[in-house]
Amino acid sequence: MTKDRKLGFAVDFSKGSKTALKWALHNLSDKGDTLYVIHVKPQQGSESRSLLWSTTGSPLIPFAEFRHKDVMENYEVELDPEVLDLLDTAIKQNHVTVIAKLYWGDARDKLCEAVEDLKLDCLVLGSRGLGTIQRVLLGSVSSHVMANANCPVTIVKDQRAYGV
């Protein structure tokens with residue numbers, strides 16, 4: 001990959017997504033990269049926000065706005081201080097740009113759409129560590145994205161979920 005890359009990070013504020021974010025910031029991000037923090041909220045009936053942006057997602061949200069609780073309350077997103085600290089450190093140490101993008105709907109489909117919309121060079125996401133039966137019944141977001149996204153996808157496993 002070249003410099004000035006567009007790196008996507010699927011973040012749902014779970015332990016698995018935070019593990020993936022930490023791994024990617026340490027092993028993948030570099031000076032000049034643009035980091036897209038992608039959060040997908042489930043579709044919730046006729047919520048005007050989700051209807052308005054159901055196909056395109058939210059406008060791009062600069063990190064300076066994303067980190068403000070009152071701004072994110074407008075999107076009904078509860079921020080995680082650990083994620084904000086990780087991103088803040090990446091900005092200061094790696095001199096990267098962080099931008100957030102929110103989508104509403106099925107995470108499997110919306111993450112693949114985000115790859116196209118944002119023209120990402122790669123996407124990083126965590127794994128929930130579902131067993132075979134749970135994966136069949138619930139569907140695996142990471143498996144779907146790996147098979148359907150039009151860019152390299154890195155899935156970071158939470159070692160503790162697998163008893164390692």
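Modeller: Here is a walk through the sheet, strand by strand, and then its surroundings.

This is a predicted model, in which local features need pLDDT of at least 70, side-chain atom pairs count only at pLDDT 80 or more, and totals for chains, interfaces and linings use all residues. Residues are numbered from 1 along each chain as its sequence is written, and side-chain values use heavy atoms, with hydrogens and water left out.

Let us begin with the whole chain. The protein chain holds 8 helices and 6 strands; helices (H or I, at least four residues) and strands (E, at least two) are DSSP runs, numbered from the N terminus. Read from the N terminus on, the elements follow the order β-α-β-α-β-α-α-α-β-α-β-α-α-β. The average pLDDT, which is the predictor's confidence in each residue from 0 to 100, is 85 for the protein chain, and 80% of the residues score at least 70.

Two strands count as paired if DSSP finds at least two bridges between them. Strands of a sheet pair through backbone hydrogen bonds, either parallel or antiparallel.

Phe9 shows both pairings: its bridge partner in strand 5 is Val124, and its bridge partner in strand 2 is Val37.

Touching, or contact, means heavy atoms within 4.5 Å.

Strand 2 is mostly covered, with 8 of its 8 residues buried. Buried means under 20% relative accessible area, exposed over 50%, and partly exposed in between (1.4 Å probe, protein chains only). In a regular strand the side chains alternate between the two faces of the sheet. Here Thr34, Tyr36, Ile38 and Val40 point one way from strand 2, while Leu35, Val37, His39 and Lys41 point the other way, and all are buried.

What does Ser142 touch? Ser142 lies in helix 8 and, not counting residues up to four places away in sequence, touches Leu125, Gly126 and Ile155. Ser142 counts as buried because its relative accessibility is 10%.

Asp80 sits in the loop between helix 4 (69-73) and helix 5 (81-94). With a relative accessible area of 13%, Asp80 is buried. Leaving aside neighbours within four places in sequence, Asp80 is in contact with Phe13 and Lys18. Asp80 and Ser14 are 66 residues apart in sequence and 9.4 Å apart in space, C-alpha to C-alpha.

One stretch calls for caution: pLDDT stays under 50 over residues 134-138.
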